Amino acid sequence: MAAVRVTMEIGSDGVAVITICNPPVNALAPSIIAGLKEKYTEAMNRSDVKAIVLTGDGGKFSGGFDINVFTEIHKTGNLSLLPDVSVELVVNTIEDAPKPSVAAIQGLALGGGLEIAMGCHARVSTPEAQLGLPELSLGVIPGFGGTQRLPRLVGLPKALDMMLQSKSIIAKEGEKYGLIDAIVSPEDLLKISRCWALDIAERRKPWISSLRRTDRLGSLSEAHEILKAARQQVNRIAPNMPQHKECLDSVEEGVNFGGYAGVLKEAKVFKELVLSSTSRGLVHVFFAQRATSKVHSVTDVGLRPRKIKRVAVIGGGLMGSGIATALILSNTPVILKEIDSNLLQKGLKMIRANLEGLVKKGSLTQDKMNKALSLLKGVLDYSEFKHVDMVIEAVIEKVSLKQSIFADLEKACPPHCILASNTSTIDLNIVGEKTRSQDRIIGAHFFSPAHVMPLLEIVRTDKTSPQVMLDLMTIGKAIRKVPVVVGNCTGFAVNRTFFPYTQGAQLLVHLGVDVFRIDRVISSFGMPMGPFQLQDVAGYGVALAVKDIYDSAFRGRTFQSQLVELMVKSGRNGKNNGKGYYIYEKGQKPKPDPSVQAIIEESRRLANVMPGGKPITINDQEVLEMIFFPVVNEACRVTDEGVVIRASDLDISSVLGMGFPRYRGGIIFWADTIGSGYIYAKLNKWANSYGNFFKPSAYLEERATKGLPLSMVNVSGSQQSRSRM
Ligand SMILES: C[C@H](O)CC(=O)SCCNC(=O)CCNC(=O)[C@H](O)C(C)(C)COP(=O)(O)OP(=O)(O)OC[C@H]1O[C@@H](n2cnc3c(N)ncnc32)[C@H](O)[C@@H]1OP(=O)(O)O
């Protein structure tokens with residue numbers, strides 16, 4: 001592995017090429033920043049150096065400041081770990097130096113990487129390089145001058161769009177907006193950058209300091225108008241996060257008082273935000289997502305993923321068509337099998353509609369849609385299954401049907417073919433019971449809509465082979481999902497952890513709390529919608545289908561009521577027929593339906609769980625806790641039983657599968673910010689008043705008694721010995 005270092009080579013042309021080397025993404029670790037300062041000082045002192053080219057090793061400029069430093073600060077609170085880069089390195093050492101610098105960009109220049117490049121006097125790039133300031137997605141703002149230089153190079157509207165949405169652009173677009181001065185081939189990158197640097201030094205090209213530019217900012221009143229509109233957008237898209245507003249404040253400081261004043265404000269705010277709870281949560285999620293790629297005995301035993309050239313999807317319903325859409329969108333040929341031509345046509349139509357939806361939204365071109373559709377073929381029998389490398393079964397949740405399909409698949413597919421099921425509830429050992437192919441049977445649990453939702457739960461049984469797991473993880477990544485490997489149990493990791501979410505909300509209603517108040521509290525916590533609206537959107541069929549399954553799997557800790565049955569009986573089917581807890585009318589926001597109250601009263605009467613027959617009185621904080629602490633409790637069981645490899649897998653799964661607010665770091669991370677002792681005490685109290693639904697798990701009790709965080713799984717080795725991973 002290449003050493004972490006900054007190198008400098010001085011050519012006979014008088015150009016010093018300074019190269020950042022810190023694989024895999026040339027992150028700006030403190031030692032790299034020190035190295036840059038050292039090499040720059042040397043270059044300035046040497047009389048044989050006229051100009052500098054700054055570049056990155058291994059085909060990448062830089063992925064930005066080293067995010068591990070944020071984690072270290074989150075652990076220690078020690079802000080002195082942040083080196084002074086903004087003024088000392090970018091302004092004083094690079095931008096205001098007596099010799100000019102050109103950034104030679106390849107691969108990517110993100111965050112601090114792009115900020116250093118913007119401090120150079122010109123930027124030459126290869127065509128596909130990715131450029132962006134994604135700092136807000138880590139809970140901070142750009143801290144090396146990005147809030148000042150980007151607007152001065154690309155104009156305020158484009159800069160705000162890139163920063164507020166953490167959106168990167170490719171170099172070609174960067175050139176159009178003025179961020180990149182020239183696009184060249186990778187072979188010519190250094191040669192042309194060297195000439196450019198000399199041209200600046202010898203005044204054949206302009207010597208531009210981006211921080212001093214004002215020509216792209218427009219008039220003061222125009223800038224204020226743009227910022228005002230951006231503030232309104234921020235209130236909508238990020239009401240619970242501070243960094244978006246702070247980013248605008250720093251930009252505004254520079255607009256009002258000049259780039260240097262903006263840089264000073266930015267550096268101050270950046271430091272404050274590094275310590276915010278939002279940054280702690282978002283940085284945790286960043287690493288949690290990357291940790292899912294590491295599965296002991298699968299990704300560390302020298303296996304290589306096999307090529308999956310063709311996939312068969314069985315079932316063209318909502319899930320099957322979504323899965324097929326995701327596959328063809330990522331250039332994997334698919335055969336879609338249905339039982340008759342009517343259903344097949346429906347499935348194919350749904351896939352086309354999925355793609356058309358993306359074209360309409362502007363996220364897919366018509367050409368790419370046509371290309372994707374050319375990779376799709378509908379079939380009615382298994383004759384072509386001898387040429388597939390993987391099958392994903394996505395039929396209704398009926399054990400006997402799945403068993404017979406898997407028995408057929410064993411005969412129809414080649415022996416290496418992966419046999420995956422998209423079941424969300426059925427034990428995979430039972431699905432494969434009638435085959436002798438248990439080593440290649442695996443769960444591929446997608447979330448609806450499958451071509452949009454980013455999570456893929458990969459469910460392994462005791463017999464699934466590591467090769468099959470690795471192959472599914474690889475194809476999962478290829479179709480732009482985050483694959484999380486989990487163990488086999490009812491509901492797997494995500495649905496199991498979150499079954500008390502819906503049931504807790506229902507229990508609260510039956511204890512006398514208002515449905516719409518619950519939804520309001522949960523949405524303002526940051527969930528995309530409340531549990532009752534979610535039920536409306538998902539349709540009541542799902543709730544009815546899983547009711548008994550959960551009741552028997554989680555005996556003694558479920559809450560059952562007649563509410564959904566009564567809703568259906570009254571002609572409601574949620575968003576599907578426009579009538580649920582809310583009224584759904586085309587083009588309008590869902591409106592709470594007051595007439596649902598009579599149904600709720602009837603269900604309350606039947607359940608009869610209010611203590612003394614009277615509604616309980618609780619504040620909003622308690623509403624939130626009574627819904628989420630039972631979820632945390634189940635997350636503890638899931639962790640303890642080894643259904644997930646590490647607690648952070650539940651964090652990323654809760655964020656990507658359930659819409660748990662990313663900036664709260666995921667379900668276990670959030671629980672640890674509250675403390676196991678507090679959660680345990682609350683659940684215990686409610687268990688005494690309202691029954692076993694709230695009873696704390698042994699894992700939670702142990703952590704609370706020992707005063708330990710829930711994320712620390714193998715305190716006594718218990719996790720490892722029980723783990724099926
Ligand atoms: C002051 C400044 O303004 C503050 C900043 O610069 S904050 C940092 C801003 N930069 C970013 O947010 C970029 C974050 N990184 C990414 O988005 C992606 O990693 C990427 C697009 C660079 C590469 O993606 P991809 O090729 O899929 O590889 P990915 O698996 O994500 O990363 C490879 C490894 O690099 C690490 N890495 C990526 N960016 C890193 C960074 N900025 N710091 C430290 N490590 C980083 C990842 O953790 C991962 O490590 P692992 O192999 O041990 O798990």
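Where is P449 found? P449 sits in the loop between strand 15 (441-446) and strand 16. The model is a predicted one.

**Domains**

The domain assignment of the protein gives three parts: domain 1 (5-275), domain 2 (311-488) and domain 3 (494-722). Between the C-alpha centres of domain 2 and domain 3 the distance is 30 Å. Contact between these two domains involves twelve residues of domain 2 and 14 residues of domain 3. On the domain 2 side, strand 16 (455-459) and strand 17 (482-486) each supply at least two of the touching residues. Strand 17 gives the largest share, four residues. By class, this side of domain 2 divides into seven nonpolar, three polar and two charged residues.

UniProt, in an unreviewed entry, lists residues 311-488 as "domain: 3-hydroxyacyl-CoA dehydrogenase NAD binding". Over residues 311-488 the chain is 41% helix and 20% strand. The end C-alpha atoms of that span are 23 Å apart. UniProt also lists residues 491-584, again in an unreviewed entry, as "domain: 3-hydroxyacyl-CoA dehydrogenase C-terminal". Residues 491-584 are 63% helix and 2% strand. Here the end C-alpha atoms lie 29 Å apart.

**Ligand shell**

The shell around the ligand has 22 residues. Which of them come nearest? They are G64, F65, G111, G112 and G143. Helix 2 (67-76), strand 5 (108-110) and helix 4 (112-119) each supply at least two residues of the shell. By class, the shell has eleven nonpolar, seven polar and four charged residues.

| Helix | Residues | Number of residues | Span, first to last C-alpha | Expected span |
|---|---|---|---|---|
| Helix 12 | 277-291 | 15 residues | 21 Å | 21 Å |
| Helix 24 | 596-607 | twelve residues | 17 Å | 16 Å |

Helix 12 reaches close to its expected length. Helix 24 is also close to the value expected for it. After helix 24 comes N608, whose phi is positive, near 50°.

What do the buried residues of helix 12 pack against? Their partners are helix 2, helix 10 (243-257), helix 11 (259-274), strand 17, helix 26 (647-658) and helix 27 (667-674). Helix 2 also supplies residues to the ligand shell, and strand 17 supplies residues to the side of domain 2 that touches domain 3. The buried residues of helix 12 are T278, S279, R280, G281, L282, V283, H284, V285, A288 and Q289.

**Backbone details**

A cis peptide bond also runs from P23 to P24, with omega near 5°. P24 is placed in the loop between strand 2 (15-21) and helix 1 (30-45).

R203 has phi near 65°, a positive value in a residue other than glycine. R203 lies in the loop between helix 8 (189-201) and helix 9 (220-237). Is R203 buried or exposed? R203 counts as exposed, because it has 9 C-beta neighbours inside 10 Å.

N331 has phi near 70°, again positive in a residue other than glycine. Its place is the loop between helix 13 (318-329) and strand 11 (334-337). N331 is exposed because 12 other C-beta atoms lie within 10 Å, and the cut-off for exposed is 12 or fewer.

I20 is in strand 2. Why does I20 count as buried? I20 has 27 C-beta neighbours inside 10 Å, and 20 or more make a residue buried. Leaving out residues up to four places away in sequence, I20 touches V6, N26, I32, G56, D57 and S62. I20 and M390 are 370 residues apart in sequence. In space their C-alpha atoms are 42 Å apart.

A478 belongs to helix 18 (residues 466-478). A478 counts as partly exposed because it has 15 C-beta neighbours inside 10 Å. A478 and P630 are 152 residues apart in sequence and 35 Å apart in space, C-alpha to C-alpha.

Methods. Residues numbered from 1 in each chain as written. Predicted model: local features only at pLDDT ≥ 70, side-chain atom pairs only at ≥ 80, totals over all residues. Domains from an automatic or database assignment. Contact = placed C-beta atoms within 7 Å. Nonpolar A, V, L, I, M, F, W, Y, C, P; charged D, E, K, R; others polar. Near = placed C-beta within 6 Å. UniProt positions renumbered as here; feature names shortened; annotations may be inferred. Expected span 1.5 Å × (residues − 1).
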